[in-house]
Amino acid sequence: MPGIHIYDKINLISKLSFRRMWNAGKVLSSYYVSRWLKKPVQWGYPISISFEPTTSCNLRCPECPSGLRSFTRPTGMLSKDFFSQTIDEIHKELLYLVFYFQGEPYLNPGFLEMVRYASNKKIYTATSTNAHFLNDDNARKTIESGLDRLIISIDGTTQEVYQQYRRGGQLNKVIAGAKNIVKWKREMRSKTPFVIFQFLVVKPNEHQIEEVKQIAKEVGVDDVWYKTAQVYDYEHDPNSLIPSIDKFSRYKKTNGGAYTVKNKLNNHCWKLWHANVITWDGMVVPCCFDKDAKHQLGNLKTQSFKEIWQNDKYRRFRRSLMASRKNIDICANCSEGTRVWG
């Protein structure tokens, strides 16, 4: 396992070019200059972008707009032509591309072709899946696409526990899908994708935190990550999802018995300087917490990405965040780092 970790880091570094390093340096320095001046300064373009393949999902997870079918924004599938057009504009600066926002990426028929397109531009590519569509054919095509990182959600080690959050899901399909990926990696002698079991810690599964490591070892995945759960109505936790183990919770109990967010919400956010999210239909939004795309900073169907990145809406949003982040709705439930090492 340590060797695999090293390879993943080397693989990411191998994607760097002089232009990407220069861009990253400008972005990082502008972030710290902004914090020093207490007003937004933006140099360079995003280091990382999340592109949404689809809003569709086969599961009905209780804290997910896709699962709840509760979007107020349009739903649909990302077009390959629109995707490639956008990547053509920004690939020289872009280092890291996440094929995920909402929905299950493998439901988009063109998903792996888009991964291949980005991989051919030497961009580090990653996605997150519930693994129900990782049949033998899709697993082989995933390896062939050049995908660099594959995060597989496995939120329970028994079907009874798994289905309490992943409603409508089947744990045996998740494990079978992961095994298909591992098999094809070995057969094709590929070091990618780096395969991660991601365990979303909630109250119903917190007693299985150690057990998932054993399953990961048996299946042959490369790592296990623990993720803290975002709960929408966290003050009273009506779905009883907030874990009792403090380390794995984004929230803490007040003296009155209600919950509050642990995060102090300082008036700065690295995400707003180095990354953003693009919805399937071309809306540019600040980050993955804006699940309903309420804070639209631009439309890629009418403007270029680089125009949007420096436009007045973006500047106003960064300014408002640095003035009072707690007054921005999508920031109120933010954790700034959702993985926990076990």
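Modeller: Phe83 touches Phe51, Leu78, Leu97, Phe99, Met114, Tyr117 and Ala118, leaving aside residues up to four places away in sequence, where contact means heavy atoms within 4.5 Å. This is a predicted model, in which local features need pLDDT of at least 70, side-chain atom pairs count only at pLDDT 80 or more, and totals for chains, interfaces and linings use all residues. Residues are numbered from 1 along each chain as its sequence is written, and side-chain values use heavy atoms, with hydrogens and water left out.

Biologist: Which residues of the largest nonpolar core touch the most other members?

Modeller: Among its 86 residues, they are Phe83, Leu97, Ile152 and Phe197; H8 gives the most to this core, with seven residues. Such a core is a set of buried (under 20% relative accessible area, 1.4 Å probe, protein chains only) Ala, Val, Leu, Ile, Met, Phe, Trp, Tyr and Cys residues joined through side-chain atoms within 4.5 Å.

Biologist: And what do the buried residues of H8 pack against?

Modeller: They pack against helices H6 (136-145), H7 (159-165) and H9 (211-219), and against strands S4 (149-153) and S5 (194-201), helices being DSSP runs of H or I with at least four residues and strands runs of E with at least two, numbered from the N terminus.

Biologist: Switching topic, is Asn130 buried or exposed?

Modeller: Asn130 is buried, with a relative accessible area of 4%, and its side chain makes a polar contact of 2.9 Å with that of Asn58.

Technical notes: Buried < 20%, exposed > 50% of the residue type's maximum accessible area, 1.4 Å probe, protein only. Polar contact = N/O pair within 3.5 Å; in protein donor to acceptor, adjacent residues only side chain to side chain.
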